[in-house]
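Hi there,

Here is the structure I promised to pass along. Have a look at it first, and my notes on what turned up follow below.

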Amino acid sequence: LSPCRTQAEMAHTCRGTINLSTAHIDTEDSCNIVLSNGGRTYHLKANSEVERQRWVTALELAKAKAIRMRNNQSDDSGDEEPASQSDKSELHGPLKTLSSKLEDLSTCNELIAKHGAALQRSLSELESLRLPADSGEKIKAVNERATLFRITSNAMINACRDFLDLAESHSRKWQRLLQHEREQRIRLEETIEQLAKQHNSLERACRGAPGLASGTASIPSTAKGSVQSAKGEASDEDEETEYFDAMEDAPAFITVTADPKHHRRSGSNLSGASEGHPEDWNLEDSVFESSNQSSYNESTGKDLLPRKRRRSRIPDKPNYSLNLWSIMKNCIGKELSKIPMPVNFNEPLSMLQRLTEDLEYHELLDKAVKCESSTEQMCFVAAFSVSSYSTTVHRTAKPFNPLLGETYELDRLEELGFRSLCEQVSHHPPAAAHHVYSRRGWTLWQEITIASKFRGKYLSIMPLGAIHLEFHSSGNHYVWRKVTSTVHNIIVGKLWIDQSGEIEIVNHKSKDKCQLKFTPYSYFSRDVPRKVTGVVSDADGRAHYVMSGTWDEKMECSKIVHSSHGSTSTEGKQKTVYQTLSPKVLWRKYPLPENAENMYFFSELALTLNEPEERVAPTDSRLRPDQRLMESGRWDEANVEKQRLEEKQRAVRRRREAEAVEALEEGKDYEGYIPLWFERKVDAVTGELICVYKGGYWEAKDKQDWSVCPDIF
């Protein structure tokens, strides 16, 4: 058997081939099939009536398909569509598929009608026979059902045909709209290219006439991308301009790099335009430095002792396979709060130590102290807020949950000029208070509560609470909050972390603001992954600097010399065009230590956080036994110790609950847990209740008087 073939194909087919498109299919009896085409006839015999019917149905479908193929070949025998209409295949393809399926339905409908008619004839013959009265009624009911079935199938085919007609009518409309959008895009690209060439021509003309005041060339309102002009001496390469397509989630501003050698301040007739002096952007006398110093000690060398030699590695992470069944069988019959999670999911650091890791790039704040302008200072504060996420890019393991009353100190006062103290001040919900004092002229404090939501394939971690930073000499008080962290592929696949959301940094003294946007990762985006952008503006809303970079690599700052209103986006928001001087790197991530992949991807600072130290409080995270055992690679012992500590903490909580009930029965007030080194106060800036450092810890350390510390380990 053969479907429809071309004449060239028919010349090479086997002897006895029948063209199904012109064949006639008939049945002789319950098992025989007659297949004829012209003078050639075949008699086929099936094993049973059921098998014969299956063959007849298959042959009828194949015949209908052969007829469609023949018709398509005859339609395509004319002139082929030109290459310019190749895009139409995107719409014609699905329509051809729909037509093919509809033809199959039509063929099935014909077969149903044919067999239904035969069934009704057979039933009519049965009615004519002399059968009992009840049999006649049953046969009549079957006949009515067969009629209803045929009517229903016809209705279904008609509905499918109506759907195809509707799809064909709409496809023409879609095709016109698509063609219109493509033409608009082509015209837009040509316009941008032409305007960019004109822009470069104006720049060359300005360079050729140095005696003339060169006005600022504005970017056209139709620009949708970011245009960057090369800098330096005039050459062919310097005149090339790069274009980048803007994504749907593009920022609400466009930046253009200006040449400081040829830029002159000029009056602007645009309302709301901000301008600046390029000579203010000087490498020699500005705090902005292109090189990222490893520490403030290297840049000043004042009042600081040489760094103490600290450890640069920890034992390699054991290659233990995680047996999920061993975890699940321990959960049977237990309350959810009492299910022990093994250390396999952890890294050998506590949440208090992870919070202290935010200080890895503390030298940014040391440099910010030297800034005379509050907007310049804001740039360093913004870079510092982004730098705290750089350690999370490979750190998919969770830190240990601190026990209530657990503390962690990082005393680097003599080496780096600061000392830090953290304390777990609440267990339900978990909250940690943090205070940092620097003799370089700044103080930082925060209380962070972690909220998390499991959303199936990913876990959202939302730090709640404000971060406060105050500079001693100027009194500038900055406040900001952290963005949402998302851990993807919780169930299946390799874990990876993304940061998304916005950070608004506010200087409550000068009212300066910095709006930073963390762009979430998108597989379809052509933008740089982990991108962060923002603008620093003063109290009047005038923009001074543009921040750009990524939260896992670096942050740059560009001084704005001119701003104007650009085009309106598809969402109806007007974009602002900023002309800036060349960017300067404020922060760059330190490279990871050698063999970091086998040491939990710890940074140089993270490797030292759990290093044993003398004279620390007995509640310090360094003394936590389960965490120490895990770091040493003794995970089984760490799991046992972790379960013991958690049960000990539950017993303390039950005792406090009993004391609260007893106090309530006696009509007395019960204060509950009182933090050791922090106290709750209403913040004068935000109006929120926050734990602030009340003093006493470092004095107790000097005296080695830890009598107030509870026994939590």
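Searching the whole structure, which is a predicted model, turns up 11 aromatic pairs. One of them joins Tyr 361 and Trp 587: the ring centres are 5.5 Å apart and the planes meet at 85°, so this pair is edge-to-face.

Phe 678 and Tyr 693 make another edge-to-face pair, with 5.8 Å from centre to centre and 65° between the planes. Phe 678 lies in strand E24 (residues 678-682) and Tyr 693 in strand E25 (residues 689-693), so the pair ties together parts 15 residues apart in sequence.

There is also an aromatic cluster made up of Trp 677, Tyr 697, Trp 698 and Trp 706. Over the ring of Trp 698 sits the charged end of Arg 419, 4.2 Å from the ring centre. Arg 530 does likewise with Trp 551, its charged end being 5.8 Å from the centre of that ring.

On the cysteines: the structure holds 0 disulfides. For Cys 371, the nearest cysteine sulfur is that of Cys 379, 8.0 Å away. Cys 371 counts as buried, at 10% relative accessibility.

Finally, the surface has a nonpolar patch formed by Phe 454, Ile 490, Ile 491, Val 492 and Leu 495, with about 480 Å² of accessible area together. Ile 490 is in the loop between strand E16 (484-488) and strand E17 (496-507).

Best wishes

Methods. Residues numbered from 1 in each chain as written. Predicted model: local features only at pLDDT ≥ 70, side-chain atom pairs only at ≥ 80, totals over all residues. Heavy atoms only, no water. Patch = residues over 30% accessible without salt bridge, like charges linked within 9 Å, V, L, I, M, F, W, Y side chains within 5 Å. Areas by Shrake-Rupley, 256 points an atom, 1.4 Å probe, with all protein chains shown as cover. Salt bridge = Lys/Arg side-chain N within 4 Å of Asp/Glu carboxyl O. Helix = DSSP H or I, 4+ residues; strand = E, 2+ residues; numbered from the N terminus. Disulfide = S-S within 2.5 Å. Buried < 20%, exposed > 50% of the residue type's maximum accessible area, 1.4 Å probe, protein only. Phe/Tyr/Trp six-rings, centres within 6.5 Å; stacked < 30°, edge-to-face > 60°. Lys NZ or Arg CZ within 6 Å of the ring centre and 35° of its normal.
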